[in-house]
Amino acid sequence: LLGFGLLAGVAWLHWRFPDVPLGVLYIFPMLAAALALNRWQVLLFGVFLAVVRSVIISADAPGDAVLRFLLGLCAYWGTGLLVVEMARNRAMLMKHNNEISAQQKLLVEAQADLRTLAESSPAAIFTLDDQSRILSANQAARVLLGVSPDKLIGYCAKQSLPVLADALKFVPGSATFRTAAQCQGVRVD
């Protein structure tokens with residue numbers, strides 16, 4: 001509706017002042033209409049704009065009228081299709097951002113659930129980096145290793161459990177594995 005309203009206003013101005021070159025103002029109805037139209041509708045609206053403009057402008061020669069019509073048509077189509085694509089890309093970006101936000105929220109919830117599960121477990125649970133330094137651990141792991149809570153993160157677990165350092169030596173790109181080990185360890189205290 002806004003596009004047709006702008007078109008009526010521009011056509012009236014163009015009809016009222018025929019000697020003033022107002023052809024560029026026909027872009028504004030296309031900009032407004034392209035936000036709500038699909039590609040085919042933009043193409044049809046562009047033809048409608050070019051026809052309205054051609055009816056109002058008197059041409060000296062038929063060749064001028066055809067050329068003016070085609071140039072206007074190309075300008076309106078290009079503008080309209082650009083706006084349609086920009087609006088489509090923005091909608092896709094917003095959808096993608098919403099999906100990422102939802103996935104991040106689920107990830108945070110899953111991490112909190114896993115943290116709660118690990119903290120409530122009587123088994124020692126900890127994660128190590130490739131140098132066998134502790135990245136995270138539960139209360140049972142702190143008790144098992146005898147390390148104070150403030151020194152646990154970053155503690156090198158191979159000092160207490162040397163078998164872990166050997167288990168971390170594997171070829172990158174190889175298949176993941178699960179294993180169990182029985183070993184003796186040394187507590188810090």
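I sorted the lining of the largest pocket by class and found 10 nonpolar, 1 polar and no charged residues, where Ala, Val, Leu, Ile, Met, Phe, Trp, Tyr, Cys and Pro count as nonpolar, Asp, Glu, Lys and Arg as charged, and the others, Gly among them, as polar. The model is predicted, so I note that local features need pLDDT of at least 70 and side-chain atom pairs pLDDT 80 or more, while totals for chains, interfaces and linings use all residues. Residues are numbered from 1 along each chain as its sequence is written, and side-chain values use heavy atoms, without hydrogens and water.

The lining residues include Ala124, Phe126, Leu144, Val163 and Cys183. Strand S1 (126-128) and helix H7 (162-167) each supply at least two residues of this lining, and S1 gives the largest share, 3 residues.

Entry two, the helices. I looked up how helix H2 (residues 27-34) lies against helix H4 (residues 62-120), and their axes come within 9 Å and cross at roughly 30 degrees. That makes H2 roughly parallel to H4, a term for angles under 35 degrees. On the H2 side the contact (heavy atoms within 4.5 Å) is made by Ile27, Met30, Leu31 and Ala34, and on the H4 side by Ala75, Tyr76, Thr79, Gly80, Val83 and Val84. I sorted these contact residues too, and they divide into 8 nonpolar, 2 polar and no charged.

Key
Axes fitted to C-alpha atoms, helices over the stretch in contact; angles between N-to-C directions. Helix = DSSP H or I, 4+ residues; strand = E, 2+ residues; numbered from the N terminus. Parallel < 35°, antiparallel > 145°, perpendicular 65-115°, else oblique. 1 Å grid on protein atoms, 1.4 Å probe; cavity = no way out; pocket = protein on both sides within 12 Å on 5 of 7 lines; lining within 4 Å.
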